[in-house]
Amino acid sequence: MVRNPIASESTPSAEEICSALDDPDCREIIRNLEEPMTASELTKRCEIPQSTLYRKLELLTDSTLLEESTEIRQDGHHASKYAVAFDEITLTLDEDRSLAVQIERPARTADERLAELWSEVRKET
């Protein structure tokens, strides 16, 4: 199941974030997501095999660095689109000498919140 970064109350661990960002394919995906794109569009843009791309998209969405939404199409063949879900990531060292992560998220418009809710409803049905 894909975690929704905005609805999720928990922040992923520093290890999860660092693991995703340490992956060259994941960084390439983030670098190319100037606007929301489908997996097919990303495969062409990033030159990453589709099977690999889907694993990387899952890693990035699980770590809340990307968000997945559903593009509603009139022909009934809806498509998932992916977008970068952060503006800034800060890693800090806690008092107990463990890494902590803070993620600054972009502001959400009413349309984006509605699309997100619709996407969640579709997953449940």
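This report walks through helix packing, salt bridges, some individual residues and a surface patch in a predicted model.

## Ground rules

Because the model is predicted, local features need pLDDT of at least 70 and side-chain atom pairs count only at pLDDT 80 or more, while totals for chains, interfaces and linings use all residues. Residues are numbered from 1 along each chain as its sequence is written, and side-chain values use heavy atoms, with hydrogens and water left out.

Helices (H or I, at least four residues) and strands (E, at least two) are DSSP runs, numbered from the N terminus. Residues are called buried under 20% relative accessible area, exposed over 50%, and partly exposed in between (1.4 Å probe, protein chains only). The areas themselves come from the Shrake-Rupley method with a 1.4 Å probe, and for residues only the protein chains shown count as cover.

## Helices α2 and α3

Let's start with a helix pair. Helix α2 (residues 24-32) packs against helix α3 (residues 39-46) at an angle of about 105°, and their axes are 10 Å apart. That makes α2 roughly perpendicular to α3, a label given to angles of 65 to 115 degrees, with under 35 counting as roughly parallel, over 145 as roughly antiparallel and the rest as oblique. For these values, axes are lines fitted to C-alpha atoms, for helices over the stretch in contact, and angles run from 0 to 180 degrees between N-to-C directions.

On the α2 side, the contact (heavy atoms within 4.5 Å) is made by E28, I29 and N32. On the α3 side, L42, R45 and C46 take part.

## Two salt bridges

A salt bridge here is a side-chain nitrogen of Lys or Arg within 4 Å of a carboxyl oxygen of Asp or Glu, and the count comes to 2. In one, D23 pairs with K56, with the closest N and O atoms 2.5 Å apart. This pair links distant parts of the chain: D23 sits in the loop between α1 (14-22) and α2, and K56 in helix α4 (residues 50-62), 33 residues apart. Both D23 and K56 are buried.

The other salt bridge joins the side chains of R31 and E28 at 3.0 Å, N to O. Both residues belong to helix α2 and are 3 residues apart, about one turn of the helix. R31 is exposed, since its relative accessible area is 54%, whereas E28, at 25%, is partly exposed.

Leaving aside neighbours within four places in sequence, C26 is in contact with A20, K56, L59 and L60. C26 and V84 are 58 residues apart in sequence, and their C-alpha atoms are 11 Å apart in space.

T38 is in the loop between α2 and α3 and counts as buried because its relative accessibility is 9%. Not counting residues up to four places away in sequence, T38 touches R73, A79, S80 and K81.

## Positive phi in two loops

Although E47 is not a glycine, its phi is positive, about 55°. E47 lies in the loop between α3 and α4 and is exposed, with a relative accessible area of 72%.

R97 is not a glycine either, and has a positive phi of about 65°. The place of R97 is the loop between β3 (88-93) and β4 (99-104), where R97 is exposed at 66% relative accessible area.

## A nonpolar surface patch

Finally, I72, W118 and V121 form a nonpolar patch on the surface, with about 290 Å² of accessible area together. Patches are made of residues with over 30% relative accessible area and no salt bridge, joining like charges within 9 Å and nonpolar side chains (Val, Leu, Ile, Met, Phe, Trp, Tyr) within 5 Å. I72 belongs to the loop between β1 (66-71) and β2 (79-84), and at 45% relative accessibility I72 counts as partly exposed.
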